[in-house]
Structure formats: C-alpha cells, structure tokens
Amino acid sequence: MAIESFNPYTGRVERRFRAFSWAQTERIVGQAYRAAAEWRTTSFAHRARLMHRAADLLRERQDELARLMAIEMGKPVVDGRAEVVKCALTCDYYADNAEAFLADEEVKTEAQHSFISHEPIGIVLAVMPWNFPFWQVVRFAAPALMAGNVGLLKHASNVPQCALALEKIFHDAGFPPATFRTLLIGSDLVSQLIADDRVRAVTLTGSEPAGAQVAATAGREIKKTVLELGGSDAFIVLADADLEVAAKTAAQARMINAGQSCIAAKRFIVEKPILKEFISKMKTHLLAYRTGDPLDEATQYGPLARPDLADELTQQVEDSVKQGAKVELYGGQSKPGTALFRPTMLSQVKPGQRAYSEEFFGPVAIILEAKDADDAIRLANDSRFGLGASIWTQNAQRGEELARRVEAGAVFVNSLVKSAPEMPFGGVKKSGYGRELSHLGIKEFVNQKSVWVAKPTTPEAKKSDSRKKVE
C-alpha cells in the first residue's frame, strides 16, 4: 500500500512513507489500551488544560499546517488556515463544555438515588478522509479525548504529513503519546483493527462503500459506529428568494474545497419562473472564481485531490450529457489525467441520468427545475442521500415550515450549509447515522450507565438515612 504525499498541483510525489506492519500496529494498540485505563481516571480540568494548549498550538502553526494541506490535497492556503482555526475553536469548545455535557443526569425513580453517568469506553478508531484533513479528525478527537477515551487515527493514505502533524499537536500539548496515535496503514488492516477486542468503537467519514464495509465488520464484532458518508445536498431556491444573494451563495456553496465537500451544495432546485435568471447569475459568479497554485494567497480553488478523481467526474458529466442533460457551463478538465477541474453547470437533469442520482464530488452544479415549493421538496427528498440542505425564500416562516419536510440531518434557511461545534452534524438515509459535534457528539462514544441506589431496608440504615437528611 503506497502512503505518499502526492502534490496534485505539481504532479510530484513530495514524500513517501513506509506503511506500518501489523506487528507495529498491534503494538500501538496495546500501548493505547494501557493508556486508556490511566487516561479515564484524569480530571476534566486536566484534560481541558491540555486541550486548550492544543488549540493554542493549532493557531500558532496554522501557516505550516495550511501549507501541508495545499501540498498534499490542493487546498488553497487561505482556506487551510480557516480550517485550522476552526479546529482550534472546536478544541476550546469541548475543553470548556465537556464536563457539563457529561455530568451525571439525575433521574427521579422509586430509588433513593438514581442517575445516568457518562463514562469513557476506551479506544476509538477513526477512519478519516482527505478533503478536510484536520477538521474531520479534530471533530472526533476533541470530544473523544475530553470524554476520557483514546484515539487511533487511520487517515487517508494521501495526507500522511497532515496526519502526523496533528499527532504532534496533541503530543506537544501534553497528552500522553499513547492517547492519540496516527497509524500509517492501508485500508487492508482496518478490519483487523476493528476485530481487536481492545478497540471499542469506530467512526468513519468517507464514501458510502467504505461506510458499508466498516459497518458490516463492526456489526459482526458488536462495535458501536458513527458514519458520516456522502451527500448530494439540495439548494432550494423559491420564486420569492433574493435572487442575487441566492445565486452568489449558490456558487460559493458549490465551490467549497473545489466542490470536494460532503455538505457542498450539489443539486440546485429552482422554481420555474426564476430558473433562467438564476442560471445566468450563478454562471457569472462561478466564472469569477480564480484558480492557481494552492500556495498562492490569491487562489480561490485548487485542483481536485487526485487526477483519477477528475477523470471520474468527467465521466459522470459526459454520461449525464449523453443521457439528456444540457451543458450550461463547461470548464472541466483540460485533458485526461490532470487534477484541475473548472466549474461546470448541467441543466435539464432528469431521473435516469447519473447527475440525478449520484454524488458529484467536484465543482459541477446540477440544476433541477421545480414547478412549485411542494415539487421542490419532492425533488430534494428524491435522493438516497440526506446530509444537508438549504432553502432560499424571503418568507422565513415558510422556509422553516418547509425545512421540517426535508429529509436531511441539517437544513439552513437563507444560509450556506456549514458545520459548527455547537450544532450536531450527521445525516440520514445513505448519508450515514450518528452525530458529531455539540453535546450529542461527545455522547456517541461513552457508556451511558444507569446507576440505581436502593432505599435503605434495615432499621439502622433507615435511621442513618434520616439523620443525613436532617443534617
């Protein structure tokens, strides 16, 4: 298995790494297992001090980390710095709130005292993707470590330097080394890791096939999983929307990370009376985006992470056109085997076309015509995915009512879909299950234990209990 930093802008391999053997991997699992027994006994105050320090280091090293992302997967440095700062914010958020989130919950029963405690479960294995190489990891690692768990990271094989840099952040912050380790392994060892009894849970962000495989393996081993998979987010534009704002935001929503984001808007569902004007305005905004060297501060979008991803996207577009879609804007690849893919728009998209049913992981905007608001909701829900969506209308109350009808883990009214530490993040249908972030995310990988203390039964105990109540 090749583990290497391939620069998609230059086409050069920057660094190669030797993959860990199973013996080396298993040795790290043993160290993590021993560390988990110790780490769970530490105080929230102690963990919070280290997590705040990790946040400080992320901010201090943001230029260096942004450069790594630019080199390894083509993210412009401006976007890379923003990603790192968001990671720092999330570390601070869980440092400040984990103790309250995991406080015992009193439950009124017939017992003398009954409550729910939230206790760490041990090793959590994270299988993470390349598109947000720091953010995807931190939103698992910060709550997991603050809950008293330990983390093992199997990152995408094309971002090893990012993976190692994040490990160093946590170690330099003072976390015991074995509480967070990066495993430079291929996907072939993931099943063995899940099967190890010392690994208690798995979280994966990635493709639908990868999620299905991990879930099947974890199911056989009776292991808890959280899956955040693909998305084909609907961007619904109603006839009463502020069209200029909607079209400008639509272009931004499609171009996030060169379109390589699970929650980037992909399907633009527009009411018929404004369809032509919307297409014209969105096209203008898409054409204004500047590409170039990801290390250049002026670059707004870089290449896709690998040439084969651009090749596949080209095939999806060409097949959709053969099946009846109309090209409104074609940038695409300059030639096969190159990673740069310029913005593209397809209209007249209908069932039976690849553009109607598949996720397009790159800067291709899919335009769908809706007869009215009800038809727009029908089209939005006619997808096997259900991660995010947005609705654009100047009637906020109507937007909220329609949002409740969309089958998605998050719906934003008159706003770009985004993730934030305060709000839960995850999907429904083939977009996965479970939640990251917020108070829900930190509770995914804890033992929610019921504790019941019975009322005293002996006279002596009853007297002692009554004295305590008086005191």
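Lys-86 sits over the face of Trp-135, 4.6 Å from the ring centre; for a charge to count as over a ring, NZ of Lys or CZ of Arg has to be within 6 Å of the ring centre and within 35 degrees of the ring normal. Lys-75 does likewise with Phe-132, at 4.1 Å from the ring centre. The model is a predicted one, with pLDDT of at least 70 needed for local features and 80 or more for side-chain atom pairs, while totals for chains, interfaces and linings use all residues. Numbering runs from 1 along each chain as its sequence is written, and side-chain values use heavy atoms, with hydrogens and water left out.

Trp-135 turns up again around Cys-87: leaving aside neighbours within four places in sequence, Cys-87 is in contact (heavy atoms within 4.5 Å) with Leu-58, Phe-134, Trp-135 and Val-138. Cys-87 belongs to helix H4, residues 77-101, a helix being a DSSP run of H or I with at least four residues, numbered from the N terminus. With 0% relative accessibility, Cys-87 counts as buried, that is, under 20% relative accessible area with a 1.4 Å probe and protein chains only.

Then come the rings. Those of Phe, Tyr and Trp (its six-membered ring) pair if their centres lie within 6.5 Å, with planes under 30 degrees apart called stacked, over 60 edge-to-face and the rest tilted; nine aromatic pairs come out of this. Tyr-93 and Phe-101 make a tilted pair, because their centres are 5.9 Å apart and their planes at 55°. Both of these residues, Tyr-93 and Phe-101, are buried. Phe-170 and Phe-175 pair edge-to-face, with centres 5.5 Å apart and planes at 85°. Phe-170 is buried at 1% relative accessibility, and Phe-175 is buried at 2%. Ring pairs join Phe-170 and Phe-175 with Trp-39 and Phe-180 in a cluster.

Technical notes
Helices (H or I, at least four residues) and strands (E, at least two) are DSSP runs, numbered from the N terminus. Buried means under 20% relative accessible area, exposed over 50%, partly exposed in between (1.4 Å probe, protein chains only).
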